[in-house]
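Please keep the sequence and the model in view while reading.

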Amino acid sequence: MKRVLITGGAGFLGSHLCDRFIREGYYVIAMDNLITGNIKNIEHLFKHPNFEYYHHDVSKFVFVPGDLHYILHFASPASPIDYLKMPIQTLKVGSLGTHNLLGLAKQKMLEC
Ligand SMILES: NC(=O)c1ccc[n+]([C@@H]2O[C@H](COP(=O)([O-])OP(=O)(O)OC[C@H]3O[C@@H](n4cnc5c(N)ncnc54)[C@H](O)[C@@H]3O)[C@@H](O)[C@H]2O)c1
């Protein structure tokens, strides 16, 4: 079974992607720190056997056990209002978060 990591999985786009990938038969790992997202967006998936949720800030080191076939990086504050409220977090998730996930992608590509 293909496994996909979706960062920002409790956000607007991320939660719809979780639904879509579950429907398509993937194993879905949603990762989010809920800085702007809402757990209610994905709580209907918690009972699904092919779904996992990690509460984690992707600006910090990211570890996911097992194979990963895709990483979709949708974690970020996403509106001008949020950028002004959280400028440092916005910069960190776009830079350090992307760097961490590229590192994870490289590690998983080597393992697969
Ligand atoms: N919504 C749109 O129409 C649209 C259009 C173009 C681009 N985008 C981009 O897509 C991405 C997602 O947008 P959205 O509308 O779903 O936003 P959203 O705020 O609904 O979702 C973003 C999610 O990322 C999470 N998040 C933020 N920082 C995090 C971190 N450090 N670690 C883990 N999780 C973190 C938030 O808690 C939230 O759940 C953004 O980069 C946005 O700029 C969105």
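Two residues are in contact if their C-beta atoms, placed from the backbone, lie within 7 Å. By that criterion, among contacts in the chain between residues at least 6 apart in sequence, 65% join residues at least 24 apart. The model is a predicted one: local features need pLDDT of at least 70, side-chain atom pairs count only at pLDDT 80 or more, and totals for chains, interfaces and linings use all residues. Residue numbers start from 1 along each chain as its sequence is written.

The chain contains three helices and four strands; here helices (H or I, at least four residues) and strands (E, at least two) are DSSP runs, numbered from the N terminus. Read from the N terminus, the elements follow the order β-α-β-β-β-α-α.

The C-alpha trace spans about 40 × 35 × 20 Å along the principal axes of the chain. For 112 residues, a compact globule would have a radius of gyration near 13 Å, and the chain, with 14 Å, agrees with this; the radius is taken over C-alpha atoms, and the globule rule is 2.2 Å times the number of residues to the power 0.38. Of the 112 residues, 33% count as buried, a class that requires 20 or more other C-beta atoms within 10 Å of the residue's own, with C-beta atoms placed from the backbone.

The four strands form an open sheet in the order β3-β2-β1-β4, with parallel pairing; two strands pair if DSSP finds at least two bridges between them. At the edges lie β3 (51–55) and β4 (70–73), each of which pairs on one side only. From one strand to the next, the twist averages 15 degrees. Within the sheet, β1 (residues 3–7) and β2 are joined in the parallel sense by five bridges, and I6 stands opposite A30 in β2. Helix α1 packs on this sheet and touches β1, β2, β3 and β4, its direction making about 170 degrees with that of β2. Axes are lines fitted to C-alpha atoms, for helices over the stretch in contact, and angles run from 0 to 180 degrees between N-to-C directions.

Which residues are closest to the ligand? Of the 24 residues that surround the ligand, the closest are G8, G11, G37, A75 and A78; a residue belongs here if its C-beta atom, placed from the backbone, lies within 6 Å of the molecule. The elements giving two or more residues to this shell are α1 (12–23), β2 (27–32) and α3 (87–111), and α1 gives the most, with three residues. The shell comprises 12 nonpolar, 10 polar and two charged residues, where Ala, Val, Leu, Ile, Met, Phe, Trp, Tyr, Cys and Pro count as nonpolar, Asp, Glu, Lys and Arg as charged, and the others, Gly among them, as polar.

How values were computed. A residue is buried if 20 or more other C-beta atoms lie within 10 Å of its own, exposed if 12 or fewer, and partly exposed in between; C-beta atoms are placed from the backbone.
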